[in-house]
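Trainee: I've got a new model on screen and I'd like to learn how to read its packing. Could you walk me through it?

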Amino acid sequence: MNAKRLTTPKENVQQLQEKLGHAAKENKKRRFHALYDKVYRRDILWEAWRRVRANKGAAGVDGQTLAEIEKRGEFVFIEECHRLLKDGEYHPAPVRRHYIPKKDGKQRPLGIPTVRDRVIQMATKLVIEPVFEMDFQEASFGFRPKRSAKGALERIRKACNRKGNWVVDVDIQGYFDSINQEKLMKLVAMRISDRRVLKLIRKWLSAGVMEEGSVRRADLGTPQGGVISPLLANIYLNYFDVLWERHGQGVGELTRYADDFVVVCKTKKDADRAYALIQTIMERLELTLHPTKTRIVGLWTGEEGFDFLGMHHRKTKAETSQGRVYYTTQQWLTRKAEERIRGVVKERLSPPCMRSKSMEEQVAWLNPKIQGWRNYYYTVYSQEKLAKLDWYILQRFTRWYAKKRQRKRWMSSFQEVKYMTKLHGLKTLL
């Protein structure tokens, strides 16, 4: 007789998610009351730990790193998480505030929860996500399983080509910091009645932020950087998606990626109506539209375009083989995206400390990045910009190599470097 094959934590999670997703789909009004015991199941916690470890990430306020947990023993760590949750003794730590400099000189605040909080948030997300997934709308693409930015871009391109000549380009001011926690909890409670799960989410919302030694708690917002935050942010804006589906469908086609979204309309009148409707729903959610970044864009003359998810969208004239002129929507990478790529390459190849690296090491570091950029930004219309970026990467390599070899004139090394990078298999964007 064959021994029964043991299932992996990953397979167990998939089975549970399918079961929960199916139950949520069967009954749209069903509220789930027995989920907390799934959150502290050891196999769920193991899968949560595997995912958190794969995402890497820094230590939280307790200073505990992933490497230290591995050294002390993963089994001990999982058992601790299991016991704390089961006995009701788990209390999240405040998130560690970390600032990322933005191109405009401002700083983007990020919250870094402790590794333990990230694992328990991940376990909770694995359990509750399939329930909410069944409620999410077709227009929503951000931070969802089996959905991507590429899908959102394709939806927009098709909507523009279906006589979509006007676009409402929306920016919500400080979205993650403005979410009304009470309203969010009401939206979560529409699907989950398990009081211990609701209490867990409340704890994360009120854990606060540790900055310069003191803890600051807020009644608004979800901590950016938390594993559970994107799901909570989607639950909150799903209210908008549902109302749009009900009242705005005839006005324009919505495409949302997290807190960024556009509505593609056929006429200026529709675009104005869409803008007014968006404002009305946002007021209900106590959210504010950014006064300068939210705008109505007319595409039909080809003079104006808009940026969304790192791509610029614009209509340009094209001709059929019979000589009939029509407008088609083109997408190419934005100037901001170009600058970011240049910045990453320069940051790697420019510093003096990088001269000790070998050509092989530099190529090995850059190749996955180049491949990722190509996968995302390549379109027929991006070719010219990508060719310029390929030239820039080669130029940066040549400067790096000339300094490494202590040569004064870097251009004299160009052909040699071109040959060597090819030899080492440097990928290209084109």
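Trainee: Which residues does Ile128 touch, not counting residues up to four places away in sequence?

Mentor: Keep in mind that this model is predicted. With those sequence neighbours left out, Ile128 touches Leu35, Ile192, Val197, Ile201, Ile228 and Leu231.

Trainee: Now the aromatics. How is a pair of aromatic rings described?

Mentor: You look at the distance of the centres and the angle of the planes. The count here comes to 11 aromatic pairs. Take Tyr90 and Trp204: the ring centres are 6.5 Å apart and the planes sit at 65°, so you'd call this pair edge-to-face.

Trainee: Where in the chain do Tyr90 and Trp204 lie?

Mentor: Tyr90 is in the loop between helix 5 (74-86) and strand 1 (95-101), while Trp204 is in helix 10 (residues 195-205), so to speak a link between distant parts of the chain, 114 residues apart. Tyr90 is buried, at 3% relative accessible area, and Trp204 is buried too, at 5%.

Trainee: Which residues form one aromatic cluster?

Mentor: Phe240, Trp244 and Phe261.

Trainee: And what sits over the ring of Trp166?

Mentor: The charged end of Lys268, 6.0 Å from the ring centre. Look at Trp365 as well: Lys369 lies over its face, at 4.4 Å from the ring centre.

Terms used
Residues numbered from 1 in each chain as written. Predicted model: local features only at pLDDT ≥ 70, side-chain atom pairs only at ≥ 80, totals over all residues. Heavy atoms only, no water. Phe/Tyr/Trp six-rings, centres within 6.5 Å; stacked < 30°, edge-to-face > 60°. Helix = DSSP H or I, 4+ residues; strand = E, 2+ residues; numbered from the N terminus. Buried < 20%, exposed > 50% of the residue type's maximum accessible area, 1.4 Å probe, protein only. Lys NZ or Arg CZ within 6 Å of the ring centre and 35° of its normal. Contact = heavy atoms within 4.5 Å.
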